[in-house]
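Let's take a walk through this protein together. Keep the structure open beside you as you read.

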Amino acid sequence: MRAEDLLRGAAALRVLQTVAPQTLADDWFAAIEAEPSGVAGFTSQSLESWLVVLRDLAALDQPATREFREDLLEGRRSPDEASSVFRSAVNAATITERLATHRFGDLPGEAHDQRIHHYQRMIDRLRRQVPEQVRQEILRDRSIVDDARLGELRRELNRKRGGMGIRQLFSRYADLIVQITPCVLVSPESVARFIPPRADQFDLVVFDEASQVRVADAIGAIGRGRSAVIVGDSKQMPPTSYMEVRNNRDDLDLNEIDDVVEDQESILDECANAGVERRSLEWHYRSEDESLIAFSNAHYYNGNLTSFPSPQTGRQQEDGSRTGIHLIRVNGEFLREPSEKSLKRTNPVEADEIVRLVQRRFEASEGQIPSIGIVTFNVQQRDLIDERLRALDDDRITEALDQSDEGLFVKNLENVQGDERDTIVFSTAFSCEPDGRLRLNFGPLTLKGGERRLNVAVTRARREVTVVTSFDPEDIDLDRTSSQGLRDLRNYMLFARVGGAGDQADALIDRRKRDDPHRDQIANQLRLDGYAVSTDVGLSEQFRLDLVIARPEAPDKPVAAVLLDGVSWARRPTVADRDLLPITVLQDRLKWPVVLRVWLPDWIRDPEAEILRLEQAIANAQSSVVAEAEHVTVGGGVADADDVDFSVDEADQLREPEAAEQREPAESVLSSEGLTAVRAFSTKAAIEAEEASPQESQFVARAADGASSAGLPQPGLLGHSSDAVDAAWQRPSSIDQVRAIDVTHWNPFETGHEFYSHAELLESERGWKRLRPYLHRLLSVEGPIPMAKAIPKLGSGLGLERVKGSRRQSMIGFLRSEAYLDADEMLWCSKEDSRMHRTARRYLLFNEWSFDDISLPEVAVALILSSQNRRLKLTDEQTMRGALRFFGGERLTQRARERMQAAARLLEHQ
């Protein structure tokens with residue numbers, strides 16, 4: 001049925017509801033025959049409407065809808081009921097058509113999640129490798145050929161006195177300097193002083209914090225480059241001369257404001273006004289509680305920033321702090337004419353409150369210095385707080401004040417841009433006069449652009465903002481001022497007073513609740529199962545958690561976040577925006593216990609299964625947390641090795657490669673004669689193997705293992721031999737012994753990162769020895785793995801794009817001697833691992849593996865898992881297709897079928 005036919009049918013139902021609940025035409029003709037005057041109740045308009053119904057319902061005169069149409073025309077179904085049934089039927093048909101057309105039903109959500117995880121791992125690996133790759137390319141492209149000038153430059157740099165200045169060095173050796181140090185970090189003023197004004201000295205000039213760079217200061221640097229990138233935030237601190245001309249006049253009188261130098265144009269503003277192409281960076285990561293950025297997002301960034309909810313919102317921390325935003329009201333007084341001159345334009349009560357707060361935080365953080373920043377609206381209050389903190393005679397506090405990076409700082413509003421701390425504390429200092437009126441003279445905050453200073457100040461915190469004030473937000477009378485800075489300060493204090501949460505906070509940031517029937521359906525089902533569920537959680541317009549789940553006994557402690565593929569998900573333009581960055585931020589940075597996805601096709605297909613999956617994942621997450629806590633602490637302290645029982649398998653997994661190396665027999669270490677034998681013998685064996693048939697290749701492999709008398713390390717010393725797989729693997733005694741696991745990927749940087757890009761290790765005996773833990777880690781993470789895949793993986797970890805020739809043959813010999821190679825050409829950590837293998841990796845085929853790359857024991861485990869709930873034979877078609885889907889396959893090829901049959905024989909022969 002076409003879309004226009006469906007629309008006509010729906011229109012007909014709407015008309016039918018207004019015309020009659022039964023066959024209007026029959027009644028009309030019956031009335032004429034009985035009594036001509038009886039037709040008065042039927043107007044021409046109603047008859048015309050009935051004809052419209054007949055015309056539009058003709059679209060439903062098709063096999064699938066004919067009975068439904070006749071029921072309507074015969075009056076067997078009321079218009080109200082018919083409309084509901086029709087909409088439900090159309091929705092069901094639409095869903096079926098969409099699932100079939102786009103093949104949504106062919107890829108289960110779990111498989112799609114695995115693809116996303118795989119893509120994320122590849123992106124992470126690329127990011128880790130890029131810095132080293134860039135470094136290598138820079139070194140490769142360096143073309144310093146003038147040795148004489150290079151020697152002159154070296155001598156000049158080594159001179160203790162009387163040498164050239166920086167400007168002279170750049171004048172004479174600029175080409176050498178930019179090759180040796182291609183990145184130059186310098187301020188705009190230093191560019192003008194030290195680097196001669198010559199065009200094209202740099203390929204790229206980048207300005208950071210460009211909102212504070214004046215146009216005149218920027219022009220010289222821009223002229224020295226071929227291109228420029230101007231980075232900054234036009235909603236933050238502008239260039240200003242205020243502190244230069246009014247350094248001691250923070251408490252301005254409104255009558256004096258006109259003679260203050262106004263904010264100047266920045267290079268960022270100039271570029272924006274000139275129409276230079278711009279890109280916005282809209283992902284916000286700093287705030288561990290999104291209420292810290294919510295106010296600025298709503299008032300300065302038009303709600304375009306993407307922030308993320310935290311599971312820790314409002315919770316008390318170990319150091320006494322609470323995440324989020326708070327307001328402390330004290331009965332302080334701003335001293336304009338004090339008896340003690342040093343207290344002029346200060347608020348001692350606020351200062352003392354802040355000093356006590358800092359003391360409490362330091363006392364609660366004995367092992368480390370807490371990260372705290374104190375911001376004041378004037379320099380006098382800043383100096384008073386700094387003085388009283390130092391007067392405590394606390395070495396830790398004094399040391400923290402003197403630190404230049406993390407620690408404790410006290411700064412006034414003008415100087416805080418660029419800083420950030422876990423906790424930011426504000427001192428507003430000002431207070432009402434005896435008559436109850438608040439002077440609206442807040443220094444630079446009152447001026448044009450003052451709101452930009454407030455925005456800087458309130459976005460410095462990572463975890464907590466505390467406002468200490470001696471007046472109420474309502475004391476700022478908006479009828480007496482047109483200052484945007486004061487208006488925003490008033491609203492921000494209101495926002496802080498309610499903790500950045502609740503209906504009043506939502507109104508201050510214009511947050512609107514979103515409707516989502518699909519989300520509410522899932523939430524209601526979880527609530528019926530006893531969970532505490534919140535919906536539409538978050539303060540950002542760009543990102544919210546669809547569901548937050550907690551235990552009913554602890555509704556304020558979330559245990560899971562759930563994301564749906566709804567409208568807001570679909571609006572995000574890239575895969576990273578939809579599926580990568582949100583998960584990474586929620587799990588890695590904000591530490592959500594578990595982040596789950598519910599895909600709409602899965603929910604449509606089987607809602608009950610999705611609810612069970614969610615509840616099982618929540619239970620697993622809870623068990624992991626409990627198990628981790630029990631593992632870390634034994635009897636209230638840190639567990640010793642003797643306090644914890646590990647199974648043999650767990651001990652092998654936790655064993656450090658270095659420790660494993662020490663426990664292995666000394667005879668397995670390659671000698672210099674052995675290294676020579678490895679290269680010579682493995683080359684010959686590999687050539688013969690390539691020319692032989694599969695059966696002959698296995699014979700050659702076994703013959704190679706037996707040739708250790710020529711100096712090759714004897715595999716038998718490590719328990720490595722090449723028995724046939726079906727003779728080595730031991731069938732599990734029960735289904736409980738096998739389990740499914742996720743694919744893990746070996747990262748060469750985790751173990752042996754010092755080997756990266758050091759292929760020369762393959763050229764020496766010492767290098768081969770050092771590679772043993774490297775190989776051990778690869779096999780423990782990705783094993784069993786085919787020899788053909790292990791070689792390029794090890795090579796890429798050593799910085800080699802391809803492993804070929806003598807290096808390849810040397811590596812083959814190394815792998816044969818240091819790992820267990822079965823008759824199926826699979827590498828294992830040990831023979832025991834191959835005999836007792838009990839796991840299968842989900843969606844292994846998503847990782848550029850073929851079915852031939854999966855070991856037979858692993859295929860056998862997948863067959864067991866596929867058949868256990870069906871009571872079917874291992875070679876049954878359904879069982880094999882289930883195993884194929886388990887590995888992520890879609891098409892059961894003849895080769896995959898033969899491979900599974902071979903795996904089934906392993907089970908049947910024992």
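Helix α18 (residues 484–497) lies across β3 and β7, running at about 100° to β3. Helices here are DSSP runs of H or I of at least four residues, strands are E runs of at least two, and both are numbered from the N terminus. Angles run from 0 to 180 degrees between N-to-C directions, with axes fitted to C-alpha atoms, for helices over the stretch in contact.

A word on the source: this is a predicted model, where local features need pLDDT of at least 70, side-chain atom pairs count only at pLDDT 80 or more, and totals for chains, interfaces and linings use all residues. Residues are numbered from 1 along each chain as its sequence is written, and side-chain values use heavy atoms, with hydrogens and water left out.

## The sheet

The strands β3 and β7 belong to an open sheet of five strands with parallel pairing, in the order β3-β7-β6-β4-β5. Because β3 (324–329) and β5 (408–412) stand at the edges with a single partner strand each, one side of each has no neighbour in the sheet. On average, neighbouring strands of this sheet are turned by 20° against each other, direction ignored. Strands count as paired if DSSP finds at least two bridges between them.

Between β3 and β7 (residues 461–469), which run parallel, there are six bridges. L327 has V467 in β7 as its bridge partner. Helix α13 (residues 291–300) also packs on the sheet, touching β3 and β7, and its direction makes about 75° with that of β7. Contact means heavy atoms within 4.5 Å.

Which residues of helix α16 are buried? In this helix (residues 395–402) they are I397, A400 and L401, where buried means under 20% relative accessible area and exposed over 50%, with partly exposed in between (1.4 Å probe, protein chains only). Seen down the axis of α16, these buried residues fall within an arc of 100°, so they line one face of the helix; the arc is that of the directions from the helix axis to the C-beta atoms.

The cover over the buried residues of α16 includes α14 (348–364), α15 (379–390) and β5. The face turned away from the buried side of α16 carries the exposed residues D395 and D402. At the start of α16, a side-chain oxygen of D394 comes to within 2.9 Å of the backbone nitrogen of R396.

## The whole protein

Stepping back, the protein has 37 helices and 18 strands. Of its 910 residues, 45% count as buried.

Conventions:
Polar contact = N/O pair within 3.5 Å; in protein donor to acceptor, adjacent residues only side chain to side chain.
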